[in-house]
Amino acid sequence: MISYKDLGLVNTKELFKKAIAGKYAIPAYNFNNMEQLQAIIQACVETRSPVILQVSKGAREYANQTLLRYMAEGAVQYAKELGYEIPIVLHLDHGDSFETCKSCIDMGFSSVMIDGSHFPYEENIELTRRVVEYAHKYDVTVEGELGVLAGVEDEVVAEKTIYTRPEEVEDFVSRTGVDSLAIAIGTSHGANKFKPEQCERLPDGRLVPPPLRFDILEEIEKRIPGFPIVLHGSSSVPPQYVEIINKYGGALKDAVGIPEEQLRKAATSAVCKINIDSDGRLAMTAKIREILATKPAEFDPRKYLGPARAELKELYKHKIINVLGSDNKA
Ligand code: 13P
């Protein structure tokens, strides 16, 4: 058993309290490799932002859970070396069983999500409650989920959104003891968040997605005032990256994300954690495609991964400053 406290990590409790009071959201960025982690830490140190490093099931399979944990431990030292100590959370994204959550807690994660949202309500409560009971013994915070997001994120796939039912949230939160709640108000996983027929098509061909259901968010806030809310599926799918990818041989059709103004608005509410993964994937892919296409003789991975990392850092800084508002909150 390794405590995250010995690794210099923190849980989400204090961060969320401050984020709700200060009307901003903490970035929850996914990472699978060294360049992504470097970009996240550089961006957060430069903007003085707290950060939640997220590890998904796909990341654990791709990079190995132990290695990712040591990388997060290294990130704490790396931030110090860059000149500013920021609060860093190591979070399991979409934990799918008690055993997975336990194994992360035992190896030094400071926060876990148990995603029982696809189970019947009572089963979701029972599974979440069990994880909370174990996690809280070690002061690890737990995120639960009510409602189902549409879209694809590694193994998490759903055809359509099932909006969170506000009438369930009080009961769920009090019976499970969770520290934060992920809700479904119309965000969605992946780069193709909406089908074209769900959107309005502008004369220039761009798609305008349906607006987030702020009415549901408000109703939830009324029922559990001050309780930390999480938004998954919050990439905005920047058109400039989609354009570069398609220009250099990619085939991303009708990719559309959540408009940044809507996320900005959400960040001023009880939403205090916003999950962003796909936008980082798009930024990296765009840069790498561009370099491989324009410099065909290049074969040193550092020559395309380095610029991809620099692009990622700028993207993460932009989100922190212009969307989440978590700059200078570390
Ligand atoms: P995006 O696919 O919108 O980046 O969402 C990521 C996410 O919710 C991770 O849990």
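Predicted model: local features only at pLDDT ≥ 70, side-chain atom pairs only at ≥ 80, totals over all residues.
Me: Hi! Which residues come nearest to the ligand?
Reply: Hello! Lys193, Gly233, Ser235, Asp277 and Ser278 come nearest, out of 17 residues around the ligand.

Me: Nice. What lies across from the ligand's oxygen atoms, and how far away?
Reply: A side-chain N or O atom of Ser235 is 2.6 Å from a ligand oxygen. Asp93 has a side-chain N or O atom 2.7 Å from an oxygen of the ligand, and for Ser278 a polar side-chain atom lies 2.7 Å from a ligand oxygen.

Me: And how much of the ligand does the protein bury?
Reply: The protein buries 99% of the 310 Å² that the ligand exposes when taken alone.

Me: What's the shell made of: how many nonpolar, polar and charged residues?
Reply: There are 12 polar residues, four charged and one nonpolar. As for strands, β3 (88–95), β9 (188–189) and β13 (271–276) each provide at least two shell residues.

Me: Switching topic to α2. Is that helix largely enclosed or open, and why?
Reply: Largely enclosed by the rest of the structure, because 12 of its 14 residues are buried. Among them are Leu37, Ile40, Ile41 and Val45.

Me: What do those buried residues pack against?
Reply: Strands β1 (26–30), β2 (51–55) and β3, plus helices α4 (65–81), α11 (278–294) and α12 (301–324).

Me: What happens at the ends of α2?
Reply: Asn33 caps the N-terminal end, with a side-chain oxygen 3.2 Å from the backbone nitrogen of Glu35. After the helix comes Arg48, which has a positive phi near 55°.

Methods. Residues numbered from 1 in each chain as written. Heavy atoms only, no water. Near = heavy atom within 4 Å. Polar contact = N/O pair within 3.5 Å; in protein donor to acceptor, adjacent residues only side chain to side chain. Areas by Shrake-Rupley, 256 points an atom, 1.4 Å probe, with all protein chains shown as cover. Helix = DSSP H or I, 4+ residues; strand = E, 2+ residues; numbered from the N terminus. Nonpolar A, V, L, I, M, F, W, Y, C, P; charged D, E, K, R; others polar. Buried < 20%, exposed > 50% of the residue type's maximum accessible area, 1.4 Å probe, protein only. Contact = heavy atoms within 4.5 Å.
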